[in-house]
Amino acid sequence: MTRRSDDRRAIVLSALRGTRAGVSGEVLATELGVSRVAVRKHIEALRELGYEIEARAGEGYRLVCAPDAPLPLEVRPLLATGFFARLEGGRVTGSTNDDARTLALDGAPEGTVVLAAEQTTGRGRLGREWTSPPGGIYASVVLRPAVETPEAIVLPLVVGLGVAHGLDALGVHTKLKWPNDLLCTDGRKVAGVLLEGLSEGWLINWIVAGVGVNVRSAPDADRSASVDEFFGRRVPLAEVAAAVLDGIAGTYRRWQAAGFAPFAAEYERRSYLAGRPVRVSDAAGRLVAQGDVAGIDALGRLLVATGSGTVPVVAGDVTLRED
Ligand code: BTN
């Protein structure tokens with residue numbers, strides 16, 4: 001869909017939303033500066049996206065209901081920040097990270113987002129599958145930070161905090177499990193973050209920040225939780241998407257201005273791991289550090305107090321030791 005038709009469909013929708021009575025094709029045609037045939041085409045396109053729109057002789061078009069999906073047309077009006085240059089998708093895809101990466105390679109600007117409510121080949125960290133049933137929020141944002149590659153190591157933490165802020169705004173308060181999980185207080189996972197990117201030496205070309213949030217359902221009842229569980233009601237997917245995106249824009253901008261140091265205390269406060277005994281392993285399962293979590297430093301490293309001193313951990317998979 002071109003930018004223009006996107007804009008026109010947004011105008012049609014806002015006119016339909018502005019009244020309980022119908023809006024005539026003629027009024028819409030005048031508002032858009034197009035023919036009534038073109039208006040009909042926009043109405044058809046909206047119906048294909050899942051909008052139920054009635055057409056009655058003499059009364060015009062009436063919006064009966066909008067789809068519960070993170071469609072750009074639904075999410076865009078809810079965004080508070082102007083960070084997001086371009087929104088795409090909104091239904092089902094293989095992996096939004098793959099789609100965003102294709103756009104990034106094609107030169108898409110920072111703030112381009114791909115959204116989906118379902119993924120068929122969702123990816124998690126360390127090559128794991130990210131189960132992405134319908135009724136989730138799967139979003140990938142193209143970032144082009146003007147920093148050198150080593151400085152971007154903290155970005156998963158910054159994005160994770162942004163997602164936490166977005167969920168806070170909805171009334172869903174989460175803990176952070178370093179480096180990129182969002183958990184309820186009982187330890188079940190609500191959301192995860194996966195960053196992928198391309199750099200040439202110390203120069204970052206692009207980064208795709210992918211976020212998956214369980215909204216309607218939790219894929220694994222014992223280990224995951226959903227946003228709806230917090231409320232006991234269905235939170236519109238577009239609302240969750242907009243809140244999470246605004247949260248990410250907020251922390252990302254702040255990080256660009258001041259680095260990670262201002263976030264360290266907050267990350268620490270929200271840390272699910274604070275003071276707990278952990279085992280950190282690398283992607284191959286080899287032990288990186290074992291001991292009690294002593295904090296997060298100003299560089300975003302997990303500090304693990306081992307028998308032989310405190311080890312700052314840059315990357316790894318953390319499991320709680322129950323011994
Ligand atoms: C993790 O906890 O392992 C990270 C999960 C990140 C999943 C998101 S969903 C949107 C984006 N597309 C993907 O294929 N993965 C990320």
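# Exercises on a predicted model

Leucine 126 is partly exposed, with a relative accessible area of 39%, where buried means under 20%, exposed over 50% and partly exposed in between (1.4 Å probe, protein chains only). The model is predicted, so that local features need pLDDT of at least 70, side-chain atom pairs count only at pLDDT 80 or more, and totals for chains, interfaces and linings use all residues. Residues are numbered from 1 along each chain as its sequence is written, and side-chain values use heavy atoms, with hydrogens and water left out.

**Exercise 1.** Find where leucine 126 is placed and describe its phi.

Solution. Begin with the loop between β6 (118-119) and β7 (136-143), which holds leucine 126; strands here are DSSP runs (E, at least two residues) and helices likewise (H or I, at least four), numbered from the N terminus. Then read phi of leucine 126, which is near 55 degrees, a positive value in a residue other than glycine.

**Exercise 2.** Work out which face of helix α5 (residues 96-105) is buried and what stands at its ends.

Solution. First list the buried residues of α5, which are Thr96, Asn97, Ala100, Leu103 and Ala104. Seen down the helix axis, these residues fall within an arc of 125 degrees, so they line one face of α5; the arc is taken from the directions from the axis to the C-beta atoms. Next turn to the other side of α5, where Thr102 and Leu105 are exposed. At the N-terminal end, serine 95 caps α5 through a side-chain oxygen that lies 3.2 Å from the backbone nitrogen of asparagine 97. Finally, glycine 107 follows α5 and has a positive phi, near 95 degrees.

**Exercise 3.** Determine how many aromatic pairs the whole structure holds, and classify the pair of phenylalanine 260 and phenylalanine 263.

Solution. The search finds five aromatic pairs, counting rings of Phe, Tyr and Trp (its six-membered ring) whose centres lie within 6.5 Å, with planes under 30 degrees apart taken as stacked, over 60 as edge-to-face and the rest as tilted. For phenylalanine 260 and phenylalanine 263 the centres are 6.0 Å apart and the planes at 40 degrees, so this pair is tilted. Both of these residues are buried. Elsewhere, ring pairs join Phe83, Phe84, Tyr252 and Trp255 into a cluster.

**Exercise 4.** Locate the cis peptide bond that ends at proline 179.

Solution. The bond runs from tryptophan 178 to proline 179, and its omega is near 0 degrees. Proline 179 itself lies in the loop between β8 (175-177) and β9 (181-183).

Note on methods
A polar contact is a pair of N or O atoms within 3.5 Å; within protein, one must be able to donate a hydrogen and the other to accept it, and residues adjacent in sequence count only if both atoms are side-chain atoms.
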